[in-house]
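This briefing concerns a predicted model.

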Amino acid sequence: MADSESRIPRVFIVRHGETDWAKNGKHTGRTDIELTPLGVRQVASTASRLVGPGKLLDPTKLLKVFVSPRKRALQTFETLLGQQHAEISDDDIVTITEDIAEWDYGDYEGLTPKETKALRKERGLDQDEGKEWSVWSDGCEGGESPQQVADRLDRLVQQIKDFHRPFMRSEKAADVLIVAHGLILRVFVKRWLGYPVDFPLSMMMAPGAVGILTYKNHNVDEPAFQIGMALPVGDD
């Protein structure tokens, strides 16, 4: 990565580590469960390789952090930053917010996608031939609609862009970190790029994974995502 590109503000998105429900394919929205031991190790492994002074995600370059209030996200944030967690846990830097909480699955909480589709059929929904439930377009009964999710994510997207605007050609690093959940982070990527929630952009994000969003041409109105990451070059 060129030096000029590395100074463009970035948004690091981090998915929490494994939970028992996620491991078994259950929708996990508002249910507040912790990471499994493997989930903790997943995040710790990511941190050991990518997080730290001079590494890809350098805590000294973070000016804002947004974290979902669910235990699994808070635990991930603490594990990810390790000893540096206490150093940046200032209210001016870290915001715990429902705006990046996982999609509220409502009546489908704790169900697998297969069980969800069966329940909807029993309720007389999705009766047209070939029609299958999609959270991206149908949302969740008793939970959130795609529009409700888009509205809260758009608030956060605008907040981050307003924060980044003065730093587009600055020598000062102004990275942002978001620690949250697999589905909501994929929706966030779509809204960051200006796509509808149901835009057909297939994405996957492993537990404990890190993604990077940024801007083209030092322009806050040209949001982009990095499809590959270049690790910082250390001094010889």
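Arg123 has a relative accessibility of 41% and therefore counts as partly exposed, and its salt-bridge partner is Glu141, with the closest N and O atoms 3.0 Å apart. Because Glu141 lies in the loop between α7 and α8 (146–164) and Arg123 in the loop between α6 and α7, the pair ties together parts that are 18 residues apart in sequence. Glu141, at 26% relative accessibility, is likewise classed as partly exposed.

**Salt bridges**
- The count of salt bridges in this predicted model comes to 13.
- Arg120 and Asp126 are joined through their side chains by a salt bridge of 2.6 Å, N to O, and both of these residues are buried.
- A salt bridge of 2.8 Å, N to O, links the side chains of Asp138 and Lys131; Asp138 is partly exposed at 28% relative accessibility, and Lys131 is partly exposed with a relative accessible area of 29%.
- Through shared partners, salt bridges bring Arg120, Asp126, Lys131 and Asp138 together in one network.

**Largest pocket**
- The largest pocket has a volume of about 600 Å³, and among the 25 residues that line it, those closest to its centre are Arg15, His27, Tyr105, Leu183 and Arg186.
- At least two lining residues come from each of α6 (113–122), α7 (135–138) and α9 (182–192), and α9 gives the most, with 3 residues.
- Sorted by class, the lining of the largest pocket comprises 11 nonpolar, 8 polar and 6 charged residues.

Terms used:
Residues numbered from 1 in each chain as written. Predicted model: local features only at pLDDT ≥ 70, side-chain atom pairs only at ≥ 80, totals over all residues. Heavy atoms only, no water. 1 Å grid on protein atoms, 1.4 Å probe; cavity = no way out; pocket = protein on both sides within 12 Å on 5 of 7 lines; lining within 4 Å. Points joined across faces, edges and corners; volume = space filled by probe spheres on them. Helix = DSSP H or I, 4+ residues; strand = E, 2+ residues; numbered from the N terminus. Nonpolar A, V, L, I, M, F, W, Y, C, P; charged D, E, K, R; others polar. Salt bridge = Lys/Arg side-chain N within 4 Å of Asp/Glu carboxyl O. Buried < 20%, exposed > 50% of the residue type's maximum accessible area, 1.4 Å probe, protein only.
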